[in-house]
Amino acid sequence: MAQPADALPSNSRYQFPKGFLWGAATAAHQIEGSPMADGAGPSIWTRFAHTPGMTLNGDNGDIACDHYRRWQDDVKLMRDLGLQAYRFSVSWSRILPEGTGRVNQAGLDFYSRLVDALLENGIEPLLTLYHWDLPAALDDRGGWLNRDCADWFAEYGRVLYRALDGRVKKWVTLNEPWVITDGGYLHGALAPGHRSRYEAPIASHNLMRAHGAAVQAYRAEGKHEIGLVVNIEPKYPASESEADAAATRRAHAYMNEQYLHPALLGRYPPELKEVFGDAWPDFDPEDFKLIVQPLDFVGINYYTRSVTQANDSYPLKAGAVRQPLATYSETGWEVFPQGLTDLLLWFKNTYGDLPVYITENGAAFFDPPVAENGHVCDPLRINYLHKHLRAIHDAIDAGVDIRGYMVWSLLDNLEWSLGYSKRFGIVHVNYGTQERTPKDSALWYSQVIGSHGRKL
Ligand code: LGS
């Protein structure tokens, strides 16, 4: 069993900035369940997961962690762990069942009550507008391939800003546009399951236009902070060969610059044309006026790195080389904390001194069942979080303006197409009984928060 948490020693080397926020993250489709309750419309994920063969074991979000009905207990759990912040997402089709037009007040009330409960318990809400669950009605109109999506997204944002701004002070437009297009439009493993080299660049560009439109709408309605969340990972060449260097540049442009460059610099990196060939359109330069909006922060989701080699893979012609001596998590991703420091320094050097939140970081490992003494012993997860927090501290020491850290995830939950097979939670969920049991990592994290990072 892990050390009793209060036995953790204080370490004077680790001083986190005043106001640094310690929290945890989730997303609507992954935890809520009851996707059609109280007048909600279907989302692409409800539809996708109910299509035979699309998810592991046919797992879907009909019940998930039943958070839609157990949210009060979940807020108490957060309070008991001492969380200072909670990042969650809103399900668009609970608010606008048809995606635009008619507002479903009952859906809005759900999030309004959740936000009130968080605030009553001293927990700051970070609200993500879009964590992948597009209203199915909008997919029927072309989804992110339809240029109108920028207006749809701004309309949806406006409804939430009007209802919640002030109580919610930190807003996120999109979660991980790279995953939305790579998984949803290029390789098809995620909803809506398309596989097209021609669609992916269009979806990417429209996501960026939608992001810009939602930020613009926020400036008209809201008074606090709004940003974009990207998943990025450093790419290191597997050898000194020119081929691997070029593959690394392509992989880096594709994953790390494809969204940050347009949002912050107003242009795409040239390598994307190389990756997509004739499928990469010449986008209207006027569009960048909408896309580049001043942001209050950027959220970075970090899980792993990749050691990159040239190969035949489609369309990048680059892939990751397995590191024989490294530790890999259950999802097959290398544990590489130094990569987070490197990435944060790259971010500052490339985009300047924008405030950063680590909006996701965590790992799925094999967890034993809840023991008789009530513990779930997860030393690998503690080790993972510990090393990554130290890596963040190194970046703070080097001058990166990092404002907070959200563990992925508060609860074991539905890992998209991988169903319930991968557990990322610091709290164990028994999917039969819905019982929540804080794992040893949660008890450890609670101590870290209590010491403001000095117990690292
Ligand atoms: O649950 C998702 C977590 C789990 O791992 C969450 O909804 C997403 O926001 C986020 O994408 N999540 C996540 N990402 C890890 C991506 C690592 C990709 C490594 C690919 C190597 C081949």
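User: How long is the polar contact that joins the side chains of Asp 165 and Tyr 218?

Analyst: This is a predicted model, in which local features need pLDDT of at least 70 and side-chain atom pairs pLDDT 80 or more, while totals for chains, interfaces and linings use all residues. Residues are numbered from 1 along each chain as its sequence is written, and side-chain values use heavy atoms, with hydrogens and water left out. A polar contact is a pair of N or O atoms within 3.5 Å; within protein, one must be able to donate a hydrogen and the other to accept it, and residues adjacent in sequence count only through two side-chain atoms. For Asp 165 and Tyr 218 the distance is 2.6 Å.

User: What is the strand order of the open sheet of three strands?

Analyst: Two strands pair if DSSP finds at least two bridges between them. S6 and S8 (residues 306-310) pair in the parallel sense over three bridges, and Lys 235 stands opposite Ser 306 in S8. The whole sheet has mixed pairing and the order S6-S8-S9.

User: Which strands stand at the edges?

Analyst: An edge strand here has a single partner, so one of its sides is left without a neighbour in the sheet. This applies to S6 (235-237) and S9 (318-320).

User: At what angle does helix H10 run to S8?

Analyst: Axes are lines fitted to C-alpha atoms, for helices over the stretch in contact, and angles run from 0 to 180 degrees between N-to-C directions. H10 (residues 242-257) lies across S6, S8 and S9. Its angle to S8 is about 125 degrees.

User: Which residues come nearest to the ligand?

Analyst: A residue is near a molecule or strand if one of its heavy atoms lies within 4 Å of it. There are 14 residues around the ligand. The nearest are Gln 30, His 131, Glu 176, Glu 360 and Glu 415.

User: How much of the ligand's accessible area does the protein cover?

Analyst: Ligand oxygen atoms lie 2.8 Å from a side-chain N or O atom of Glu 360, 3.2 Å from a polar side-chain atom of Trp 408 and 2.9 Å from one of Trp 416. Accessible areas come from the Shrake-Rupley method with a 1.4 Å probe; for residues, only the protein chains shown count as cover. Of the 530 Å² that the ligand has on its own, the protein covers 79%.

User: Which residue does a cis peptide bond join to Pro 315?

Analyst: Pro 315 is in the loop between S8 and S9. Omega is about -10 degrees, and the partner is Tyr 314.

User: What is the phi of Trp 132?

Analyst: Trp 132 is in the loop between strand S3 (124-130) and helix H6 (136-139). Trp 132 is not a glycine, yet its phi is positive, at about 85 degrees.

Methods: Helices (H or I, at least four residues) and strands (E, at least two) are DSSP runs, numbered from the N terminus. Contact means heavy atoms within 4.5 Å.
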